[in-house]
Amino acid sequence: MNLYKLTYKPLGSIAVLIQWPKKIEKDILKNIILFRHKIQVDMGEYVLETVPTYNSLTVFFDTARIKYSGVVADLKEIYASKDQKLLIANKVWKIPVCYDDEFALDLTVMAKAKKLKKEKIIALHSEPLYDVYFIGFLPGFLYLGGLAEQLEYPRRDKPRMKVRKGDVALAGNQTGIYPKESPGGWNIIGNSPLSFFNVDIFPPCFAVAGDKVKFIPVDKVRYTAIKKEVEAGVYEIESEIYG
Amino acid sequence: MILAEGMHSSVQDLGRKGYRSFGVPISGAMDKYSAILANKLLNNDEKLPVLEMTMIGPKILFEDHSLIVLTGADMSPEINGAPIKMNHVYEVKTSDVLSFGSLVSGVRAYLGVKGGFLTENKLKSYSYYEGITSQERIHKGDRLRIATYDINLEMTSSKIKVKTAHFEARKLEVTKGPEFNRLTKKHRELLFSKRFKIGGMNNRMGYQLKNKFPSIKDTEIITSTTIPGTVQLTPSGTLIILMRDCPTTGGYPRILQLTDIAINQLAQKKENDVFKFDLESSFDFLSRLVSRFKD
């Protein structure tokens, strides 16, 4: 898997920041996931946690047991080592989204600006298999890649003070779902009845970096029914294994 | 029981580790030095949760016996109206009332109790954080459970010298951040010669500085990892120092990184306080410091 020229830098005294070329692309995602997996297998002894992003992997280590230079040496060795056969079972998660006007606060304005029909925007948004690059910003916020170029649209001039839990939004070339109520500047085009973060189960997020997401348009009736099931803790998110 | 809530008080321990890749912040006491000190004075495990109180303290009615201690900011504490000393262990009895007066020094005070607080533990930590714990701060009428204390067993009084320099630090120790090399020579000179002033936007998530800083060429990075102590430079030239509740990732250049000691010191500073950044370039020097702090 030794494909990229990586740089290693300290992040404070507690972590090594490994950086890939400054690009957002699937091959880098795959490379990061694979390296992360190898680190968890081979360096679990003193690696406390690893955090992937688009083009970096941060390795937090036990400073009482090893020095920065020792971690970097081990990381370089593992990156250069021949692939073990790794079976990483990634999933495609089917995420119900209601795109009705009641939820899609910015869809009408966006459709006008883009000179596209609302139905077309919904179709373009719910068609791709999005890649989960990583989780960050808020507990359970998935950074997704794969938005259709036709849907690229600037963030709102004035961020909203309150975006609702489950709001599906887009900005720039990104799309995502707000896992909880928070301020936010992205354009809201729908809402998902699912919970993307549950503090009482492990792992607290159903998706992991490397998984895929597909949005499934649902009407208000189905949305409400799913929401009730989610609240009762009986809704099972549809998923398939891929790869 | 909380009789009056003060400004912003929350239960904190040394943080919630192991969940960053789910987007969960570390949290934990803003000034770990003072939180650990409170536990040490009580002969508690240093990881036990304490109550962090910001600038204006709450009013607390004890409904059981215990030993307590106050560390960090001096907010003129009193038990039943009689002044008590900082960094000194006191016995409290049922129906005693702890209250606070004016802020004398620092920003954040820590209330330690023998055996620690027994509030909810979520994702292996007691630290309050909105969306993880059921509340992000204490409210009037809340009842916080504390460990049962056998009054006949032990009257601890550890003698530990408190570092006054901790509250008076005018230099915050930093290392280079991952995007330090994007700064020009002029930027670097400014960064290490200027006195920086803390702005009004300062809380558990981050501290904004008042000084405008000349912006740099590449003002955005592809979203990447941030940790408490990361100093970000925004496109408008604002410096933001991330603190314990900061998000796990961010999109601004990370030009500097505060050491853990520096984060503790900054946690005791407020709006208009000034400081300078002090660059320590050798990484191993830093790790020595870190291990010394642990001892």
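Biologist: What makes you say that chain B is divided into domain 1 and domain 2?

Modeller: Domain bounds come from an automatic or database domain assignment, and here domain 1 of chain B takes 1-164 and domain 2 takes 169-294. Their centres, taken over C-alpha atoms, are 28 Å apart. Mind that this is a predicted model, where local features need pLDDT of at least 70, side-chain atom pairs count only at pLDDT 80 or more, and totals for chains, interfaces and linings use all residues. Residues are numbered from 1 along each chain as its sequence is written, with chains lettered from A and ligands numbered from 1 in the order in which they are written.

Biologist: How do you know which residues of domain 1 of chain B are in contact with domain 2 of chain B?

Modeller: Two residues are in contact if their C-beta atoms, placed from the backbone, lie within 7 Å. By that rule, 17 residues of domain 1 of chain B touch 14 residues of domain 2 of chain B.

Biologist: And what makes β10(B) stand out on that side of domain 1?

Modeller: Strands are DSSP runs of E, at least two residues, numbered from the N terminus. β10(B) gives the most to that side, with 3 residues.

Biologist: What about the contact between chain A and chain B?

Modeller: Chain A puts in 35 residues and chain B 28. On chain A's side, β3(A) has the largest share, 5 residues.

Biologist: Which class are the residues on chain A's side?

Modeller: Ala, Val, Leu, Ile, Met, Phe, Trp, Tyr, Cys and Pro count as nonpolar, Asp, Glu, Lys and Arg as charged, and the others, Gly among them, as polar. So chain A's side comes out as 20 nonpolar, 10 polar and 5 charged.

Definitions and conventions
Helix = DSSP H or I, 4+ residues; strand = E, 2+ residues; numbered from the N terminus.
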